[in-house]
Amino acid sequence: MPASINLTARAAEHVRNFLAREGKGLGLRVSVKPTGCSGYQYVVAAAEEISAQDHVFESHGVKVVTDNNSLLFLAGTELDFVRSGLNAGFKFLNPNVQTTCGCGESFSIKDPEIGRAHV
């Protein structure tokens, strides 16, 4: 089994509340896409469906769903939900990240071969 993606208790509570308000979604879908200053950006959304190719992890009672390519970037990641002043959002504690851009919106990874395989 590949390394998982986990939520903190605070992040899981936020996801459960969000899914309840929306009235739909099977869990949290986490993925990456090529973009930004450093190369990749996180994408977080409600998981509307789960395909046979998806990886599903259970964390604090919440399903965390990702695709094969994104798991290469996200294996071992923990998501927290943090509030700072008027801002609130997910904070990714990703052991695969080498650098982040100055604005904090994108990142690069330690293994460039994975990035070439993904693009």
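This is a predicted model: local features need pLDDT of at least 70, side-chain atom pairs count only at pLDDT 80 or more; totals for chains, interfaces and linings use all residues.

Trainee: What share of the residues is buried?

Mentor: Relative accessible area decides this: under 20% is buried, over 50% is exposed, and anything in between is partly exposed (1.4 Å probe, protein chains only). Of the 119 residues in the protein, 35% are buried. The accessible surface, computed by the Shrake-Rupley method with a 1.4 Å probe, where for residues only the protein chains shown count as cover, comes to about 6,800 Å², and 50% of that belongs to carbon and sulfur atoms.

Trainee: In what order do the strands of the open sheet lie?

Mentor: Strands of a sheet pair through backbone hydrogen bonds, either parallel or antiparallel. Two strands count as paired if DSSP finds at least two bridges between them. Here 3 strands form an open sheet in the order β1-β6-β7, with mixed pairing. β1 (6–7) and β7 (87–93) stand at the edges with a single partner strand each, so one side of each has no neighbour in the sheet.

Trainee: Which strands run parallel, and which pair in the antiparallel sense?

Mentor: β1 and β6 run parallel and are joined by 2 bridges; there Asn-6 stands opposite Glu-78 in β6. Strand β6 (residues 78–84) pairs with β7 in the antiparallel sense over 7 bridges. Glu-78 also stands opposite Leu-93 in β7, and Asp-80 stands opposite Lys-91 in β7. β6 and β7 form a hairpin with 2 residues between them, and Gly-85 in the turn has a positive phi of about 65°.

Trainee: Which helix packs on the sheet?

Mentor: Contact means heavy atoms within 4.5 Å. Axes are lines fitted to C-alpha atoms, for helices over the stretch in contact, and angles run from 0 to 180 degrees between N-to-C directions. Helix α1 (residues 9–22) packs on the sheet and touches β1, β6 and β7; its direction makes about 80° with that of β6.

Trainee: Where does Lys-24 lie, and why does Lys-24 count as partly exposed?

Mentor: Lys-24 lies in the loop between α1 and β2 (28–35). Lys-24 counts as partly exposed because its relative accessibility is 47%. Leaving aside neighbours within four places in sequence, Lys-24 is in contact with Leu-19 and Glu-48. The C-alpha atoms of Lys-24 and Ala-47 are separated by 8.8 Å, although these residues are 23 residues apart along the chain.

Trainee: Where is Asn-69 found?

Mentor: Asn-69 is found in helix α2 (residues 68–74), and its relative accessibility of 37% makes Asn-69 partly exposed. Between the C-alpha atoms of Asn-69 and Ser-31, 38 residues apart along the chain, the separation is 8.3 Å.

Notes: Residues are numbered from 1 along each chain as its sequence is written. Side-chain values use heavy atoms; hydrogens and water are left out. Helices (H or I, at least four residues) and strands (E, at least two) are DSSP runs, numbered from the N terminus.
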